[in-house]
Amino acid sequence: MIIVLRPRSTPEQIDHIVKRIEELGFKAHLSQGELRTIIGVIGDESKLQMEPLAAIAGVEQVLPILKPFKLASREFHAADSVVQVGKIKVGGGYLGMIAGPCAIESYEVLDEIAGKVRAAGANILRGGAFKPRTSPYSFQGLGEKGLKILREVGDKHDMPVVTEVMDPRQVELVDRYADMFQIGARNMQNFDLLKEIGQTRRPVLLKRGMSATVKDMLMSAEYILASGNPDVVLCERGVRSFEDSTRNMLDMSSVPNVKASSHLPIIVDPSHATGRPDLIPSMSRASVAAGADGVHVEVHSCPEKSLSDGAQALLPAQYTALMSDLRRLAEVVGKTIG
Ligand code: PEP
Ligand code: MN
């Protein structure tokens with residue numbers, strides 16, 4: 001449930017309410033807006049009486065949140081959330097343009113790609129050091145060596161970096177190098193990983209599971225938020241379907257669908273959603289038009305030599321042309337490239 005405070009409630013009143021919630025065995029999450037404070041009460045609501053809480057000084061209203069996700073809901077936080085990744089903003093009118101190779105392969109290759117995507121207007125660099133591959137014989141990523149390269153190249157090109165973490169045991173290591181954690185589709189419901197990440201203060205890119213509903217994705221975000229980390233960016237990357245002419249089926253409606261019930265930013269990854277470079281530009285443009293808070297694209301300077309997902313990578317020149325379209329579209333929809 002949420003407790004809506006009166007406009008001029010004092011810090012002492014807020015402290016008192018938080019203490020009372022904790023005494024009752026619940027967790028309190030504060031959302032301080034410009035005009036008023038809202039306190040989310042997290043725990044088993046069937047064990048909580050609303051009336052006594054409504055009687056506390058400073059409380060205007062106590063409301064149940066009917067959705068299964070609470071902290072991720074618009075009832076808890078009406079305005080769009082803005083997630084800060086390094087010095088880049090994502091959400092609430094700011095577009096996160098994430099680009100880079102699927103995997104970090106070497107300093108030289110990443111440096112070349114980063115220079116080109118940065119010049120094209122990308123504002124966050126991606127690259128996997130721990131790769132979730134379908135085959136155990138495929139390239140699994142460079143591990144810590146890859147993380148070091150990513151950090152160095154990101155710093156050189158003045159871009160914050162995002163990289164995947166697959167296991168709770170990797171969180172501490174990845175936290176030392178990355179500006180943003182990526183949770184991949186295969187781990188969207190790895191609840192121990194979500195809880196571990198929730199205890200850090202790094203922003204998270206949470207990708208939709210390949211057979212997850214929009215509600216499942218929001219429940220996974222809720223795990224991270226409920227563990228104490230408020231900075232989650234969702235990512236639509238397509239779901240499995242009967243359609244086999246694309247790698248996955250891109251659910252573009254998930255963008256306005258999420259926005260209707262959640263304040264969290266959502267970006268789209270047309271690379272993994274379609275698996276087809278010929279479809280990525282149109283689907284990227286459609287993403288911005290649909291209200292997405294950014295676009296995530298895999299780019300490689302020599303896709304034929306790429307160690308993973310080469311077939312879906314855009315060439316730097318194609319990415320540059322796409323970004324020129326996206327900049328114009330951003331203006332039309334009134335958004336700024338973070
Ligand atoms: C990736 O971003 O390289 C990746 C593996 O994506 P997903 O988890 O969406 O399949
Ligand atoms: Mn990939």
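Author: Buried means under 20% relative accessible area, exposed over 50%, and partly exposed in between, with a 1.4 Å probe and protein chains only. This is a predicted model, in which local features need pLDDT of at least 70, side-chain atom pairs count only at pLDDT 80 or more, and totals for chains, interfaces and linings use all residues. Residues are numbered from 1 along each chain as its sequence is written, chains are lettered from A and ligands numbered from 1 in the order in which they are written, and side-chain values use heavy atoms, with hydrogens and water left out.

Reader: What is the phi of Asp-158?

Author: Asp-158 has a positive phi of about 60°, although it is not a glycine. Most residues other than glycine have a negative phi. Asp-309 also has a positive phi, of about 55°.

Reader: What makes Phe-242 exposed?

Author: Phe-242 has a relative accessible area of 76%, and is therefore exposed. It belongs to the loop between β12 (232-236) and α8.

Reader: Which residues coordinate the manganese ion (ligand 2)?

Author: Cys-102 (SG), His-272 (NE2), Glu-298 (OE) and Asp-309 (OD) do, at 2.1 to 2.4 Å. Donors are N, O and S atoms within 2.8 Å of the metal (3.2 Å for Na, K and Ca); water is not among the atoms, so sites may look incomplete. The spacing of these donors along the chain is C-x169-H-x25-E-x10-D. Cys-102, in the loop between β7 (94-100) and α3 (107-120), and His-272, in helix α9 (residues 270-274), are 170 residues apart. Both Cys-102 and His-272 are buried.

Reader: Why are α7 and α8 called oblique to each other?

Author: The axes of helix α7 (residues 214-226) and helix α8 (residues 254-261) cross at roughly 50° and come within 11 Å. Angles under 35 degrees count as roughly parallel, over 145 as roughly antiparallel, 65 to 115 as roughly perpendicular and the rest as oblique. α7 and α8 are therefore oblique.

Note on methods: Helix = DSSP H or I, 4+ residues; strand = E, 2+ residues; numbered from the N terminus. Axes fitted to C-alpha atoms, helices over the stretch in contact; angles between N-to-C directions.
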